[in-house]
Amino acid sequence: MNATVVFLNGEVITVDNNDAVKQAIAISGNKIIAVGSTVEIEQLIDSNTKVIDLNGKTLMPGLIDAHLHLVPYGVNQLSISCKDPAILSIEDLLTAISERVKTTSKGNWIRAWGYNEKFIKEQRYPTLQELDAISTDHPIIINRTCGHIGIANSAALKLAKIDEHTPNPQGGIIEKDSLGRLTGRLMENSFMRFNEFARYTPEELEQAMQIAQQHFIEKGITSIHDAGTFDQESFRLMQLASHRSDLKIRIYAMIGTVNDCKQFTLNMLKAGVVTGTGNDFFKIGPAKLFTDGSSTGPTIATREGYTSNPNDCGILYYSEEELYEVLGEAHKRGYQVTVHAQGDKAIEMYLNVIERALKESPRDNHRHRIEHAGISTPDLQARMKELQMIPIPNPPFPYEFGESYLQDYGERTNFMYPARDFIDQGVIAAAGSDAPVTSYDPFLGIHTSVNREVKSGIPFGQQQQITLLEAIRLYTYNAAYASFDEQIKGSLEVGKLADLIVLDRSILSTKSSNIKDIGVELTMIDGEVVYEQSYSVI
Ligand SMILES: [Zn+2]
């Protein structure tokens, strides 16, 4: 068989069983037909073959982000970004919001995202009064960087039917001051529910998905494991966009939403749509629940109090029994299951649930996952191995948030997202960015996996450093494994889907301190070039 496209003279990182590095690869249609030396691959060229000279640059499997949120990432791009380097203080943010108000008709939402009080001059949240001073005619919401906490103005609280008499929902806090007045701050489940009232239009959601996809493929991401849209409406629109091929990126969609996750998951279980249903472009993933809060809040559930406040052990969304009722049942019915679990207490509780479910209903090859698996101490790692769980750590988290982790969790940071331990223990882990929580750039994730340094250069649990090829595996083969797809993607081998990327340099000869600067020149999904910066055609 002759090739439709060949790439020659490169550094082809295959991520096969032997981590072989070859020179060239041949594609026919949407499949890989050969991987080998340039001389071998040249045999497959005929007059119709497109020949691309890599000039020593790296070609590798398309990257798979095993945990991010396509729709929430996309809609943020339509809003005010608090991560904008120009926003350094509350005053800067309030000015940006005031500008938006001027061009937004009354009654329409003003949204900001990515707020982190730790990076802001005043080191606090904006107040309800400050937001009301800008507008009481526009609902305003500021989404914290973690997506678990928000600050709303009076108009927004009114729309969400929240007043000083509204009780806290389970696993959530509607914050009040010492006089019982609302502060505007909504935490965890109360914020998640609030999102129900702050909906986007279908047009905004469509636009958001397109922007998100474009950003992802420009950084070499060819598949994502979507960790939750807002609600059933955005879940439906995401599927339709994929079926229309408006979304070319492959999606493994977890059964879970940001808004009222438990109800959505229960509805899906009741409807009987199981993990694995779909095709190579859109497939139903694991049933998912949240068990605890945000690593930077900090609101994660820990077994011992925070280093920064020993009286605080975070927030648990459910009791073990409640978690078992949903996920034990999902396991029995043949679903892959997963939870958002960041703190060691949340992870332990979830492992108890899985252990019990497996005892009552043994099942091989279940591939149950743990999203984040933040504080994974050696005792928990051993149980993950025993139960054959797949943790999905977030390598870029320490880069952005490492300093606050060191303050909040102290020594426990040595076991945060412990990729080295997972590999040494034989636990199969895959990596996710959790965008929009942190940067979706997989090269930043690979960089931090290799270097384990905070952005400022402070070391962060460096005994957990892994090699470059190990880090690439977390973003390729292992991520494919976590969605039962390792037979069709995740490595460059004959018969697999032609999902691949070309980098702007040789990654193997890049200094480890420069990995984060690597760019992508070409992204191919299903044999089709979906993004192309520049390359030379012979
Ligand atoms: Zn997430």
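1. What share of the 538 residues in the chain is buried? Buried residues make up 54% of them; a residue is termed buried if 20 or more other C-beta atoms, placed from the backbone, lie within 10 Å of its own, exposed if 12 or fewer do, and partly exposed in between.

2. The structure is a predicted model, in which local features need pLDDT of at least 70, side-chain atom pairs count only at pLDDT 80 or more, and totals for chains, interfaces and linings use all residues. Residues are numbered from 1 along each chain as its sequence is written.

3. The chain holds 17 helices and 24 strands, which are DSSP runs numbered from the N terminus (helices: H or I, at least four residues; strands: E, at least two). Its radius of gyration is 23 Å, close to the 24 Å given by the globule rule for 538 residues, so the chain is as compact as a globular protein of that length. The radius is taken over C-alpha atoms, and the rule is 2.2 Å times the number of residues to the power 0.38. The C-alpha trace spans about 80 × 55 × 50 Å along its principal axes.

4. An open sheet of six strands runs in the order β3-β2-β7-β21-β22-β23, with mixed pairing; two strands pair if DSSP finds at least two bridges between them. Its edge strands, β3 (21–22) and β23 (528–532), each pair on one side only. Strand β2 (residues 11–13) pairs with β3 in the antiparallel sense over two bridges, and I13 has V21 of β3 as its bridge partner.

5. The largest nonpolar core has 166 residues; such a core is a set of buried Ala, Val, Leu, Ile, Met, Phe, Trp, Tyr and Cys residues joined through C-beta atoms within 7 Å. Among the members that touch the most others are I25, L323 and Y350. Helix α11 (residues 344–360) gives the most to this core, with eight residues.

6. In helix α9 (residues 261–271), C261, K262, F264, T265 and M268 are buried. They cover an arc of only 165° around the axis, which puts them on the same side of α9; the arc is that of the directions from the helix axis to the C-beta atoms. The face turned away from the buried side of α9 carries the exposed residues Q263, K270 and A271. After α9 comes G272, whose phi is positive, near 80°.
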